[in-house]
Amino acid sequence: MMQNNITSRVIETKLIPWRELKFIQQDDFKEWINNGDKRLLESIKKYQFIDPFKVWHNEGVNYCLDGKHRYKDLELAVQNGLDVPEMLPATFVECSDIKEAAELVLVYSSAYAKITQQGLYDFVQNYNIDFPDVSGLINIPEFDDIEFQGLLNKMDTTTVKEEIIPTSLKEVFIMPPFSVLDSRQGDWQKRKRIWTEIIKSQETREEVELIAKSGQSSAIYELRNKMRDNLGREPDWDEIIAYAKKKGMHVYEGASIFDPVLCELLYRWFCYENGVVLDPFAGGSVRGIIADVLGNTYHGIDIREDQVKANERQALELNLNKVFWHTGDSNQVLDDLNLEPVDFVFSCPPYADLEKYSDDPADLSNMDYEQFKDVYYSIIKKSVAKLKEERFACFVVGDVRDKKGFYYNFVSDTIEAFKQAGMELYNEIILINVAGSLAIRAKRQFNNGRKVGKMHQNVLVFYKGDPKKIKENYPELNLDYDLEELNNQPNIAL
Ligand SMILES: C[S@@+](CC[C@H](N)C(=O)[O-])C[C@H]1O[C@@H](n2cnc3c(N)ncnc32)[C@H](O)[C@@H]1O
(Lines give C-alpha, C1' and ligand atoms only; values in the text may rest on other atoms or scores of the structure.)
Protein backbone atom coordinates (compact mmCIF):
# COMPACT_ATOMS: atom_id res chain seq x y z
CA MET A 1 0.00 0.00 0.00
CA MET A 2 1.15 3.48 -0.80
CA GLN A 3 2.28 5.38 2.33
CA ASN A 4 1.78 9.05 3.00
CA ASN A 5 5.09 9.55 4.66
CA ILE A 6 8.62 8.75 3.55
CA THR A 7 10.75 6.44 5.62
CA SER A 8 14.18 5.03 4.93
CA ARG A 9 14.34 1.38 3.95
CA VAL A 10 18.10 1.37 3.79
CA ILE A 11 19.39 -0.75 6.66
CA GLU A 12 23.17 -0.47 6.38
CA THR A 13 26.13 -0.65 4.02
CA LYS A 14 28.73 -3.29 4.80
CA LEU A 15 31.27 -5.55 3.13
CA ILE A 16 29.96 -8.85 1.78
CA PRO A 17 31.49 -11.79 -0.11
CA TRP A 18 30.20 -10.51 -3.45
CA ARG A 19 30.66 -13.81 -5.27
CA GLU A 20 27.89 -15.34 -3.16
CA LEU A 21 25.25 -12.91 -4.40
CA LYS A 22 22.07 -14.48 -5.85
CA PHE A 23 19.96 -12.92 -8.59
CA ILE A 24 16.22 -12.69 -8.95
CA GLN A 25 16.16 -11.80 -12.62
CA GLN A 26 16.94 -14.20 -15.44
CA ASP A 27 20.19 -13.91 -17.32
CA ASP A 28 18.84 -12.16 -20.39
CA PHE A 29 16.85 -9.59 -18.39
CA LYS A 30 19.06 -6.81 -19.69
CA GLU A 31 21.43 -6.95 -22.57
CA TRP A 32 24.60 -5.09 -23.06
CA ILE A 33 24.35 -2.14 -25.42
CA ASN A 34 27.25 -1.05 -27.64
CA ASN A 35 29.89 -3.23 -26.02
CA GLY A 36 28.59 -2.13 -22.64
CA ASP A 37 30.32 -5.05 -20.89
CA LYS A 38 33.72 -3.92 -22.09
CA ARG A 39 32.94 -0.32 -21.30
CA LEU A 40 31.79 -1.15 -17.79
CA LEU A 41 34.94 -3.17 -17.24
CA GLU A 42 37.06 -0.25 -18.45
CA SER A 43 35.05 2.05 -16.22
CA ILE A 44 35.64 -0.17 -13.18
CA LYS A 45 39.34 -0.32 -14.03
CA LYS A 46 39.51 3.46 -14.29
CA TYR A 47 37.27 4.53 -11.41
CA GLN A 48 37.53 1.35 -9.30
CA PHE A 49 34.56 -0.02 -7.40
CA ILE A 50 32.55 3.07 -6.46
CA ASP A 51 28.95 1.93 -6.29
CA PRO A 52 27.86 -0.59 -3.63
CA PHE A 53 25.57 -3.41 -4.67
CA LYS A 54 21.96 -3.05 -3.48
CA VAL A 55 21.00 -6.19 -1.59
CA TRP A 56 18.00 -7.79 0.10
CA HIS A 57 18.92 -10.28 2.77
CA ASN A 58 16.50 -13.14 3.22
CA GLU A 59 17.02 -16.40 5.13
CA GLY A 60 20.78 -16.35 4.90
CA VAL A 61 20.87 -15.36 1.19
CA ASN A 62 21.93 -12.00 -0.23
CA TYR A 63 19.75 -11.20 -3.26
CA CYS A 64 21.17 -8.63 -5.58
CA LEU A 65 18.64 -5.89 -6.37
CA ASP A 66 21.06 -3.76 -8.32
CA GLY A 67 24.53 -4.53 -9.62
CA LYS A 68 24.22 -7.58 -11.82
CA HIS A 69 26.42 -6.08 -14.50
CA ARG A 70 28.96 -4.96 -11.97
CA TYR A 71 29.00 -8.53 -10.71
CA LYS A 72 29.46 -9.97 -14.20
CA ASP A 73 32.22 -7.57 -14.98
CA LEU A 74 34.04 -8.31 -11.76
CA GLU A 75 33.87 -11.97 -12.73
CA LEU A 76 35.31 -11.02 -16.11
CA ALA A 77 38.02 -9.01 -14.38
CA VAL A 78 38.97 -12.03 -12.27
CA GLN A 79 39.07 -14.19 -15.42
CA ASN A 80 41.37 -11.59 -16.97
CA GLY A 81 43.74 -12.05 -14.07
CA LEU A 82 42.89 -8.83 -12.23
CA ASP A 83 43.01 -8.71 -8.48
CA VAL A 84 39.50 -8.14 -7.08
CA PRO A 85 38.84 -8.10 -3.31
CA GLU A 86 36.77 -10.97 -1.91
CA MET A 87 34.70 -8.52 0.12
CA LEU A 88 32.98 -5.51 -1.47
CA PRO A 89 30.40 -3.08 -0.08
CA ALA A 90 26.69 -3.66 -0.37
CA THR A 91 23.78 -1.54 0.81
CA PHE A 92 21.06 -3.60 2.44
CA VAL A 93 17.49 -2.62 1.69
CA GLU A 94 14.44 -3.86 3.53
CA CYS A 95 11.86 -5.82 1.50
CA SER A 96 8.73 -7.63 2.74
CA ASP A 97 8.96 -10.52 0.27
CA ILE A 98 10.48 -11.66 -3.00
CA LYS A 99 7.78 -9.90 -5.02
CA GLU A 100 8.69 -6.59 -3.50
CA ALA A 101 12.36 -7.36 -4.07
CA ALA A 102 11.59 -8.07 -7.73
CA GLU A 103 9.78 -4.73 -7.98
CA LEU A 104 12.89 -3.03 -6.66
CA VAL A 105 15.02 -4.76 -9.30
CA LEU A 106 12.80 -3.03 -11.85
CA VAL A 107 12.86 0.29 -10.01
CA TYR A 108 16.65 0.27 -9.85
CA SER A 109 16.90 -0.61 -13.52
CA SER A 110 14.64 2.14 -14.75
CA ALA A 111 15.34 5.83 -14.86
CA TYR A 112 12.61 8.27 -13.95
CA ALA A 113 14.34 11.33 -15.30
CA LYS A 114 16.00 11.59 -18.60
CA ILE A 115 19.26 13.40 -18.89
CA THR A 116 18.70 16.11 -21.45
CA GLN A 117 21.36 16.68 -24.04
CA GLN A 118 21.78 20.29 -22.98
CA GLY A 119 21.92 19.25 -19.33
CA LEU A 120 24.59 16.70 -20.10
CA TYR A 121 26.48 19.20 -22.23
CA ASP A 122 26.45 21.80 -19.41
CA PHE A 123 27.48 19.18 -16.87
CA VAL A 124 30.40 18.04 -18.99
CA GLN A 125 31.45 21.65 -19.56
CA ASN A 126 31.07 22.75 -15.93
CA TYR A 127 33.31 20.05 -14.60
CA ASN A 128 35.65 20.12 -17.53
CA ILE A 129 35.12 16.43 -18.16
CA ASP A 130 36.90 14.96 -21.11
CA PHE A 131 33.74 13.69 -22.75
CA PRO A 132 35.12 11.57 -25.57
CA ASP A 133 37.21 9.82 -22.92
CA VAL A 134 34.40 9.26 -20.45
CA SER A 135 31.68 8.48 -22.99
CA GLY A 136 33.50 5.27 -23.84
CA LEU A 137 33.11 4.16 -20.24
CA ILE A 138 29.54 5.13 -19.44
CA ASN A 139 26.22 4.40 -20.99
CA ILE A 140 23.41 6.92 -21.03
CA PRO A 141 20.86 5.34 -23.36
CA GLU A 142 18.58 8.38 -23.40
CA PHE A 143 20.83 10.43 -25.58
CA ASP A 144 21.98 9.90 -29.04
CA ASP A 145 25.73 9.81 -29.02
CA ILE A 146 26.13 11.28 -32.46
CA GLU A 147 23.72 14.11 -31.87
CA PHE A 148 25.38 14.90 -28.57
CA GLN A 149 28.80 14.92 -30.12
CA GLY A 150 27.40 17.41 -32.64
CA LEU A 151 26.24 19.64 -29.80
CA LEU A 152 29.56 19.32 -28.10
CA ASN A 153 31.42 20.27 -31.25
CA LYS A 154 29.08 23.13 -31.94
CA MET A 155 29.40 24.62 -28.51
CA ASP A 156 32.76 23.56 -27.24
CA THR A 157 34.60 26.20 -25.27
CA THR A 158 36.83 27.24 -28.12
CA THR A 159 33.73 28.08 -30.13
CA VAL A 160 32.34 30.09 -27.23
CA LYS A 161 35.64 31.89 -27.01
CA GLU A 162 35.81 32.40 -30.76
CA GLU A 163 32.58 34.30 -30.38
CA ILE A 164 34.14 36.52 -27.74
CA ILE A 165 37.25 37.33 -29.71
CA PRO A 166 36.47 39.57 -32.66
CA THR A 167 38.17 38.69 -35.93
CA SER A 168 40.46 41.68 -35.57
CA LEU A 169 42.07 40.02 -32.53
CA LYS A 170 42.46 36.64 -34.11
CA GLU A 171 45.57 37.10 -36.18
CA VAL A 172 48.49 35.98 -34.10
CA PHE A 173 49.61 38.95 -32.13
CA ILE A 174 53.10 39.24 -30.85
CA MET A 175 55.08 42.37 -30.15
CA PRO A 176 58.82 42.27 -30.71
CA PRO A 177 60.55 40.69 -27.73
CA PHE A 178 62.61 43.65 -26.58
CA SER A 179 63.05 45.24 -23.23
CA VAL A 180 60.83 48.24 -24.04
CA LEU A 181 57.14 47.96 -24.82
CA ASP A 182 55.41 51.05 -26.02
CA SER A 183 51.74 51.06 -25.18
CA ARG A 184 51.32 54.39 -27.03
CA GLN A 185 51.63 52.73 -30.41
CA GLY A 186 48.62 52.68 -32.70
CA ASP A 187 48.46 48.90 -32.94
CA TRP A 188 48.66 48.55 -29.21
CA GLN A 189 45.91 51.11 -28.64
CA LYS A 190 43.69 49.58 -31.29
CA ARG A 191 44.00 46.16 -29.75
CA LYS A 192 43.45 47.62 -26.29
CA ARG A 193 40.18 49.23 -27.40
CA ILE A 194 38.89 45.89 -28.66
CA TRP A 195 39.81 44.06 -25.47
CA THR A 196 38.36 46.85 -23.36
CA GLU A 197 35.11 46.64 -25.32
CA ILE A 198 34.89 42.91 -24.60
CA ILE A 199 35.59 43.39 -20.93
CA LYS A 200 33.69 46.64 -20.38
CA SER A 201 30.62 45.51 -22.23
CA GLN A 202 29.92 43.26 -19.27
CA GLU A 203 30.12 46.03 -16.72
CA THR A 204 27.17 47.10 -14.65
CA ARG A 205 26.76 50.54 -13.15
CA GLU A 206 28.02 49.24 -9.78
CA GLU A 207 31.12 47.91 -11.45
CA VAL A 208 31.88 51.27 -13.00
CA GLU A 209 31.52 52.71 -9.49
CA LEU A 210 33.83 50.01 -8.20
CA ILE A 211 36.49 50.88 -10.72
CA ALA A 212 36.27 54.54 -9.74
CA LYS A 213 36.95 53.76 -6.11
CA SER A 214 39.33 50.89 -6.56
CA GLY A 215 42.47 52.82 -7.20
CA GLN A 216 42.45 56.35 -5.87
CA SER A 217 45.13 58.12 -3.91
CA SER A 218 44.88 58.53 -0.14
CA ALA A 219 44.10 62.20 -0.73
CA ILE A 220 40.89 61.23 -2.53
CA TYR A 221 39.98 58.91 0.33
CA GLU A 222 40.55 61.77 2.77
CA LEU A 223 38.35 63.96 0.60
CA ARG A 224 35.65 61.28 0.77
CA ASN A 225 35.80 61.35 4.58
CA LYS A 226 35.48 65.15 4.63
CA MET A 227 32.56 65.06 2.18
CA ARG A 228 30.86 62.40 4.29
CA ASP A 229 31.17 64.65 7.39
CA ASN A 230 29.90 67.71 5.54
CA LEU A 231 27.05 66.02 3.73
CA GLY A 232 26.00 63.82 6.64
CA ARG A 233 25.70 60.86 4.24
CA GLU A 234 27.92 58.59 2.13
CA PRO A 235 28.89 60.53 -1.02
CA ASP A 236 28.85 58.46 -4.20
CA TRP A 237 32.01 58.12 -6.23
CA ASP A 238 30.76 60.26 -9.12
CA GLU A 239 30.36 63.14 -6.68
CA ILE A 240 33.76 62.56 -5.10
CA ILE A 241 35.54 62.39 -8.45
CA ALA A 242 33.72 65.44 -9.82
CA TYR A 243 34.57 67.45 -6.70
CA ALA A 244 38.21 66.28 -6.71
CA LYS A 245 38.58 67.32 -10.34
CA LYS A 246 37.06 70.71 -9.59
CA LYS A 247 39.67 71.15 -6.86
CA GLY A 248 42.41 70.23 -9.35
CA MET A 249 43.30 67.02 -7.51
CA HIS A 250 44.79 64.11 -9.40
CA VAL A 251 42.19 61.49 -10.15
CA TYR A 252 43.01 58.07 -11.53
CA GLU A 253 40.64 57.36 -14.35
CA GLY A 254 40.72 53.82 -15.47
CA ALA A 255 44.19 53.53 -13.95
CA SER A 256 43.04 50.46 -12.10
CA ILE A 257 42.32 48.55 -15.26
CA PHE A 258 45.25 46.35 -16.07
CA ASP A 259 46.39 46.85 -19.67
CA PRO A 260 44.75 43.95 -21.55
CA VAL A 261 47.30 44.03 -24.36
CA LEU A 262 50.18 43.71 -21.92
CA CYS A 263 48.25 40.92 -20.25
CA GLU A 264 47.71 39.03 -23.51
CA LEU A 265 51.34 39.45 -24.43
CA LEU A 266 52.66 38.16 -21.10
CA TYR A 267 50.43 35.09 -21.21
CA ARG A 268 51.68 34.32 -24.69
CA TRP A 269 55.32 34.86 -23.80
CA PHE A 270 55.64 33.37 -20.35
CA CYS A 271 52.79 30.91 -20.05
CA TYR A 272 51.30 28.42 -22.51
CA GLU A 273 47.86 27.17 -23.43
CA ASN A 274 46.12 25.17 -20.70
CA GLY A 275 48.46 26.61 -18.07
CA VAL A 276 47.16 27.34 -14.58
CA VAL A 277 47.71 30.91 -13.44
CA LEU A 278 47.91 32.15 -9.86
CA ASP A 279 47.36 35.86 -9.19
CA PRO A 280 47.66 36.92 -5.53
CA PHE A 281 46.47 40.53 -6.14
CA ALA A 282 43.76 40.04 -8.70
CA GLY A 283 42.06 43.43 -8.68
CA GLY A 284 39.76 43.76 -11.72
CA SER A 285 38.72 40.99 -14.06
CA VAL A 286 41.22 41.59 -16.89
CA ARG A 287 43.88 39.02 -16.05
CA GLY A 288 41.23 36.40 -15.29
CA ILE A 289 39.11 36.96 -18.39
CA ILE A 290 42.07 37.04 -20.76
CA ALA A 291 43.57 33.93 -19.17
CA ASP A 292 40.39 31.99 -19.78
CA VAL A 293 39.84 33.36 -23.30
CA LEU A 294 43.39 32.27 -24.20
CA GLY A 295 42.72 28.78 -22.88
CA ASN A 296 44.21 28.95 -19.40
CA THR A 297 42.79 28.35 -15.95
CA TYR A 298 43.05 31.29 -13.58
CA HIS A 299 42.98 31.57 -9.78
CA GLY A 300 42.92 35.15 -8.54
CA ILE A 301 42.83 36.28 -4.93
CA ASP A 302 41.63 39.67 -3.80
CA ILE A 303 40.79 41.07 -0.43
CA ARG A 304 37.77 43.01 -1.72
CA GLU A 305 34.62 40.92 -1.85
CA ASP A 306 32.68 43.40 -3.99
CA GLN A 307 35.46 43.36 -6.59
CA VAL A 308 35.51 39.56 -6.64
CA LYS A 309 31.71 39.43 -7.04
CA ALA A 310 31.86 41.93 -9.92
CA ASN A 311 34.58 39.88 -11.60
CA GLU A 312 32.57 36.70 -11.20
CA ARG A 313 29.52 38.34 -12.77
CA GLN A 314 31.56 39.35 -15.79
CA ALA A 315 33.02 35.88 -16.23
CA LEU A 316 29.53 34.40 -16.00
CA GLU A 317 28.20 36.81 -18.63
CA LEU A 318 31.02 35.77 -20.93
CA ASN A 319 30.35 32.10 -20.27
CA LEU A 320 33.86 31.52 -18.97
CA ASN A 321 34.31 28.58 -16.69
CA LYS A 322 38.02 28.29 -16.02
CA VAL A 323 38.42 31.45 -14.01
CA PHE A 324 38.12 31.47 -10.23
CA TRP A 325 38.41 34.31 -7.76
CA HIS A 326 38.96 33.77 -4.05
CA THR A 327 38.13 36.47 -1.53
CA GLY A 328 40.47 37.28 1.34
CA ASP A 329 43.91 38.36 2.44
CA SER A 330 46.33 36.48 0.18
CA ASN A 331 48.66 35.98 3.11
CA GLN A 332 45.93 33.82 4.62
CA VAL A 333 44.20 32.44 1.53
CA LEU A 334 47.46 31.08 0.14
CA ASP A 335 47.82 28.98 3.30
CA ASP A 336 44.34 27.56 2.93
CA LEU A 337 43.98 27.26 -0.83
CA ASN A 338 44.40 23.71 -2.01
CA LEU A 339 45.91 24.06 -5.49
CA GLU A 340 47.98 21.71 -7.59
CA PRO A 341 51.29 23.42 -8.47
CA VAL A 342 50.60 26.18 -11.01
CA ASP A 343 52.26 27.09 -14.32
CA PHE A 344 52.50 30.86 -14.00
CA VAL A 345 52.39 33.38 -11.15
CA PHE A 346 51.20 36.67 -12.57
CA SER A 347 50.10 39.79 -10.74
CA CYS A 348 50.03 43.51 -10.39
CA PRO A 349 50.34 44.22 -6.67
CA PRO A 350 49.40 47.39 -4.84
CA TYR A 351 52.24 49.82 -5.51
CA ALA A 352 52.88 50.49 -1.82
CA ASP A 353 50.38 53.18 -0.84
CA LEU A 354 50.04 54.83 -4.27
CA GLU A 355 46.44 53.75 -4.69
CA LYS A 356 44.11 52.85 -1.88
CA TYR A 357 41.69 50.03 -2.46
CA SER A 358 39.63 49.67 0.68
CA ASP A 359 39.51 50.46 4.38
CA ASP A 360 40.50 46.92 5.33
CA PRO A 361 43.61 46.96 7.57
CA ALA A 362 44.87 43.77 5.87
CA ASP A 363 44.76 45.58 2.51
CA LEU A 364 48.42 46.25 1.70
CA SER A 365 47.64 49.74 0.50
CA ASN A 366 46.75 50.71 4.09
CA MET A 367 50.11 49.76 5.58
CA ASP A 368 53.24 51.79 6.19
CA TYR A 369 56.07 50.72 3.92
CA GLU A 370 57.91 48.52 6.43
CA GLN A 371 54.79 46.60 7.33
CA PHE A 372 53.79 46.50 3.66
CA LYS A 373 57.13 44.90 2.79
CA ASP A 374 56.76 42.20 5.44
CA VAL A 375 53.38 41.06 4.19
CA TYR A 376 54.32 41.55 0.53
CA TYR A 377 57.42 39.35 0.91
CA SER A 378 55.36 36.73 2.65
CA ILE A 379 52.67 36.67 -0.08
CA ILE A 380 55.32 36.39 -2.79
CA LYS A 381 56.99 33.53 -0.93
CA LYS A 382 53.71 31.65 -0.58
CA SER A 383 52.83 32.22 -4.24
CA VAL A 384 56.23 31.03 -5.47
CA ALA A 385 55.88 27.93 -3.31
CA LYS A 386 52.79 27.05 -5.37
CA LEU A 387 54.62 27.43 -8.70
CA LYS A 388 55.96 24.38 -10.52
CA GLU A 389 59.70 24.10 -11.07
CA GLU A 390 60.99 25.41 -14.43
CA ARG A 391 58.30 28.08 -14.69
CA PHE A 392 58.00 31.87 -14.89
CA ALA A 393 56.46 34.46 -12.62
CA CYS A 394 55.70 38.00 -13.68
CA PHE A 395 54.90 41.04 -11.55
CA VAL A 396 54.03 44.36 -13.12
CA VAL A 397 55.14 47.11 -10.75
CA GLY A 398 56.06 50.78 -10.61
CA ASP A 399 58.11 52.66 -8.06
CA VAL A 400 56.41 55.12 -5.75
CA ARG A 401 57.70 58.17 -3.88
CA ASP A 402 57.44 58.43 -0.13
CA LYS A 403 56.10 61.51 1.66
CA LYS A 404 59.44 63.29 1.30
CA GLY A 405 59.61 62.59 -2.42
CA PHE A 406 62.22 59.81 -2.40
CA TYR A 407 61.49 56.57 -4.14
CA TYR A 408 60.68 53.64 -1.83
CA ASN A 409 62.75 51.41 -4.13
CA PHE A 410 59.69 49.22 -4.56
CA VAL A 411 60.90 47.65 -7.82
CA SER A 412 64.15 46.45 -6.21
CA ASP A 413 62.22 45.23 -3.18
CA THR A 414 60.01 43.16 -5.46
CA ILE A 415 63.11 41.63 -7.04
CA GLU A 416 64.53 40.92 -3.58
CA ALA A 417 61.25 39.34 -2.44
CA PHE A 418 61.32 36.93 -5.39
CA LYS A 419 64.99 36.19 -4.79
CA GLN A 420 64.28 35.31 -1.18
CA ALA A 421 61.41 33.12 -2.39
CA GLY A 422 63.77 31.18 -4.67
CA MET A 423 63.35 32.88 -8.05
CA GLU A 424 65.87 34.90 -10.04
CA LEU A 425 65.20 37.96 -12.14
CA TYR A 426 65.16 36.84 -15.77
CA ASN A 427 63.77 39.76 -17.80
CA GLU A 428 62.99 43.34 -17.04
CA ILE A 429 60.73 45.10 -19.51
CA ILE A 430 59.91 48.78 -19.39
CA LEU A 431 56.33 49.47 -20.32
CA ILE A 432 55.87 52.99 -21.64
CA ASN A 433 52.52 54.38 -20.57
CA VAL A 434 50.37 56.86 -22.39
CA ALA A 435 51.28 60.25 -20.90
CA GLY A 436 47.68 61.27 -20.18
CA SER A 437 47.41 63.89 -17.47
CA LEU A 438 51.13 63.53 -16.74
CA ALA A 439 51.85 66.24 -19.30
CA ILE A 440 50.01 68.75 -17.13
CA ARG A 441 51.43 67.55 -13.83
CA ALA A 442 55.00 67.15 -15.06
CA LYS A 443 55.68 70.86 -15.36
CA ARG A 444 54.66 71.61 -11.78
CA GLN A 445 56.45 68.53 -10.39
CA PHE A 446 59.61 69.39 -12.24
CA ASN A 447 59.75 73.04 -11.29
CA ASN A 448 58.76 72.39 -7.68
CA GLY A 449 61.38 69.77 -7.04
CA ARG A 450 63.08 68.55 -10.20
CA LYS A 451 61.01 65.37 -10.26
CA VAL A 452 60.83 63.89 -13.73
CA GLY A 453 57.43 62.63 -14.73
CA LYS A 454 57.32 58.87 -14.52
CA MET A 455 55.65 57.40 -17.55
CA HIS A 456 56.70 53.78 -17.32
CA GLN A 457 56.10 50.66 -15.33
CA ASN A 458 58.44 47.74 -14.78
CA VAL A 459 57.46 44.33 -15.96
CA LEU A 460 59.57 41.94 -13.91
CA VAL A 461 59.89 38.36 -15.08
CA PHE A 462 61.39 35.75 -12.79
CA TYR A 463 62.36 32.15 -13.40
CA LYS A 464 62.37 29.18 -11.06
CA GLY A 465 64.77 26.43 -12.03
CA ASP A 466 67.32 25.85 -14.73
CA PRO A 467 66.94 28.25 -17.69
CA LYS A 468 68.37 25.57 -20.00
CA LYS A 469 65.06 23.74 -19.64
CA ILE A 470 62.90 26.66 -20.81
CA LYS A 471 62.88 25.34 -24.35
CA GLU A 472 61.37 22.08 -23.15
CA ASN A 473 58.26 23.74 -21.74
CA TYR A 474 57.70 26.84 -23.84
CA PRO A 475 56.82 26.58 -27.53
CA GLU A 476 58.56 28.55 -30.23
CA LEU A 477 56.66 31.69 -31.22
CA ASN A 478 56.74 33.08 -34.69
CA LEU A 479 58.20 36.56 -34.37
CA ASP A 480 59.44 37.23 -37.90
CA TYR A 481 56.70 39.59 -38.94
CA ASP A 482 57.19 41.86 -35.99
CA LEU A 483 60.94 42.05 -36.29
CA GLU A 484 60.52 43.48 -39.79
CA GLU A 485 57.88 45.89 -38.62
CA LEU A 486 60.23 47.07 -35.95
CA ASN A 487 62.31 49.08 -38.39
CA ASN A 488 59.34 51.36 -38.91
CA GLN A 489 58.75 52.03 -35.26
CA PRO A 490 60.68 55.07 -34.12
CA ASN A 491 59.32 54.82 -30.56
CA ILE A 492 61.14 51.67 -29.74
CA ALA A 493 64.51 52.36 -28.24
CA LEU A 494 66.83 49.58 -29.25
C1 LIG B 1 47.21 47.04 -8.01
S2 LIG B 1 45.68 46.32 -7.67
C3 LIG B 1 45.56 45.33 -8.92
C4 LIG B 1 46.12 45.97 -10.10
C5 LIG B 1 45.17 46.65 -11.01
N6 LIG B 1 44.37 47.57 -10.31
C7 LIG B 1 44.37 45.62 -11.72
O8 LIG B 1 43.15 45.65 -11.78
O9 LIG B 1 44.99 44.72 -12.25
C10 LIG B 1 46.05 45.38 -6.29
C11 LIG B 1 44.90 44.62 -5.67
O12 LIG B 1 45.42 44.02 -4.49
C13 LIG B 1 44.36 43.89 -3.58
N14 LIG B 1 44.93 43.65 -2.25
C15 LIG B 1 45.48 44.51 -1.39
N16 LIG B 1 45.90 43.88 -0.30
C17 LIG B 1 45.61 42.57 -0.45
C18 LIG B 1 45.80 41.40 0.33
N19 LIG B 1 46.39 41.44 1.52
N20 LIG B 1 45.38 40.22 -0.16
C21 LIG B 1 44.78 40.15 -1.37
N22 LIG B 1 44.57 41.22 -2.16
C23 LIG B 1 44.98 42.42 -1.70
C24 LIG B 1 43.58 45.18 -3.73
O25 LIG B 1 42.25 45.01 -3.31
C26 LIG B 1 43.72 45.46 -5.23
O27 LIG B 1 42.59 45.04 -5.94
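**Salt bridges in a predicted model**

Q: How many salt bridges does the structure hold?
A: The structure holds 25 salt bridges, where a salt bridge is a side-chain nitrogen of Lys or Arg within 4 Å of a carboxyl oxygen of Asp or Glu. This is a predicted model, in which local features need pLDDT of at least 70 and side-chain atom pairs count only at pLDDT 80 or more, while totals for chains, interfaces and linings use all residues. Residues are numbered from 1 along each chain as its sequence is written, and side-chain values use heavy atoms, with hydrogens and water left out.

Q: Where do Lys 99 and Glu 103 lie?
A: Both lie in helix 3 (residues 98-109), four residues apart, which is about one turn of the helix; helices are DSSP runs of H or I with at least four residues, numbered from the N terminus.

Q: Switching over, what about Asp 182, buried or exposed?
A: Asp 182 counts as buried, at 1% relative accessibility. The side chain of Asp 182 meets that of Arg 184 in a salt bridge of 2.9 Å, N to O, and Arg 184 is partly exposed at 35%.

Q: Which residues are linked in a network of salt bridges?
A: Asp 51, Lys 54, Asp 66 and Arg 70 are linked in that way.

Definitions and conventions: Helices (H or I, at least four residues) and strands (E, at least two) are DSSP runs, numbered from the N terminus. Buried means under 20% relative accessible area, exposed over 50%, partly exposed in between (1.4 Å probe, protein chains only).
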